[in-house]
Each structure stands twice: as C-alpha cells, then as structure tokens.
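Dear colleague,

Please find below the structure that I am handing over to you. My findings follow directly after it.

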Amino acid sequence: MTEQSTDGAIKLIDELRTDAKIGKGKHFNANRRKISLHNWVGIPVILINIFIGTVIIALLTIEIDSNILAIISAVLAFLAASLSGMQTFFNFHKVAEGHSSVGNRYLKISRHCKTLLRKHQDIPFTSHDLWAEVEEIQKEYLEINIEAEAFPTTNKDLSNARIAQEVTPFLLNNNESK
C-alpha cells in the first residue's frame, strides 16, 4: 500500500486557520468599536440627565428667574433623548456581544486547526482521516460565516485584522525539529 499525500489537506487547514484568525480579528475589532460607540453615546446621556435633574431641583427650590437656564435644560433634554434613542436604535452593546460571539467561534476554529496540524505532526493521520477532519472544520467555518452576516464589519476592521496577522505562515514542514 502506497503512502498517500496529506499536503492538500494540510494547506487547507492552514488556510482555514488563517481565515479564522482574520475573521476573529475583524469581529473583535468591530466589538471594540461598538463598545466605544456605546460609551461615547451613553456617558453623555447620563451626564446630561444628571445636569438636567440638578437644574430642575434648583429651579424648584430656589426662586430665580432663569429663562436661559430653562431653555438650556430643554435643549439638553432633547439632546439626551436623541442620544438615548440613537443608542436604542443602533443597539451598540447587543451588536458588540454578537461580534464577540462570532469572534470567539472563529478563534475556536483557529485553535482546532492548529491542534490538528500539531497532532498530525506527532501522530500522522491517513489522508482519508485528515480530509474527514478538514471537512468538519470547513463545515463549521461556513456556518460561522452565515452567522457573521448579521454582524457586518468595516473595511478598517478587516485591514486591522490582516495587519495583526503573523507574517510567516504556520505550515509544518518535515525538517521542523520536535
């Protein structure tokens, strides 16, 4: 019986690992961006509402004729309501959680690929068995891609993920020392 080559399977595992790492990176980048937007919108809402509450108490307890203060409070109340509505509409926090979930699933794929390559290095799989593993990983990867469609990322998220990637590929070679 002749030994079958596993080069194609190994290359595909490495491609899936790299793609999963990029997917993880871009979704974690999107997660950080959405959390930042959540904070940049949410913190001013809190501060404005605290200010308005303080002004209302001051207007009720102190006899001052301050139409300007009332107008400023009304404008700030409108701004706070607008920011709060924007935060509710875009649901930054929930979307960030979705990106984190997708990123973690990509991370799982990447780790699975790395483990499989290392295991194959120590305990060689037959070509048939290795391809069976590859097909399972690829199936899961494609399922994650479908889930990820609900959580779009930006070109900048992708470009930052690519920049963060290793320059050298992970591919194993027969000369690598154990």
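Leaving aside residues up to four places away in sequence, Ala-30 touches His-99, Thr-153 and Asp-157. Please note that these contacts, like everything else in this message, come from a predicted model. Ala-30 is found in helix H1. With a relative accessibility of 0%, Ala-30 counts as buried, because the cut-off for that class is under 20%. A further relation across the sequence concerns Leu-158: Ala-30 and Leu-158 are separated by 128 residues in sequence, yet their C-alpha atoms are 9.2 Å apart in space.

Helix H1, which covers residues 7-61, also holds Ile-50. In contrast to Ala-30, which is buried, Ile-50 counts as exposed at 52% relative accessibility. The threshold for that class is over 50%. Ile-50 belongs to a nonpolar patch on the surface, which it forms with Ile-43, Ile-46 and Leu-47. Together, these four residues have about 400 Å² of accessible area.

I then turned to the aromatic side chains. How many aromatic pairs does the count come to? The count comes to three. One of them joins Phe-89 and Phe-90, whose ring centres are 5.0 Å apart and whose planes stand at 85 degrees, so this pair is edge-to-face; the class requires an angle of over 60 degrees. As to accessibility, Phe-89 is exposed, with a relative accessible area of 66%, whereas Phe-90 is partly exposed, with a value of 42%.

Tyr-106 and Tyr-141 also form an aromatic pair, with 5.7 Å from centre to centre and 55 degrees between the planes. The geometry of Tyr-106 and Tyr-141 is classed as tilted.

Finally, Phe-89 and Phe-90 take part in a cluster: ring pairs link them with Phe-92.

With kind regards

Conventions. Residues are numbered from 1 along each chain as its sequence is written. This is a predicted model: local features need pLDDT of at least 70, side-chain atom pairs count only at pLDDT 80 or more; totals for chains, interfaces and linings use all residues. Side-chain values use heavy atoms; hydrogens and water are left out. Patches are made of residues with over 30% relative accessible area and no salt bridge: like charges are joined within 9 Å, nonpolar side chains (Val, Leu, Ile, Met, Phe, Trp, Tyr) within 5 Å. Accessible areas come from the Shrake-Rupley method with a 1.4 Å probe; for residues, only the protein chains shown count as cover. A salt bridge is a side-chain nitrogen of Lys or Arg within 4 Å of a carboxyl oxygen of Asp or Glu. Helices (H or I, at least four residues) and strands (E, at least two) are DSSP runs, numbered from the N terminus. Buried means under 20% relative accessible area, exposed over 50%, partly exposed in between (1.4 Å probe, protein chains only). Contact means heavy atoms within 4.5 Å. Rings of Phe, Tyr and Trp (its six-membered ring) pair if their centres lie within 6.5 Å; planes under 30 degrees apart count as stacked, over 60 as edge-to-face and the rest as tilted.
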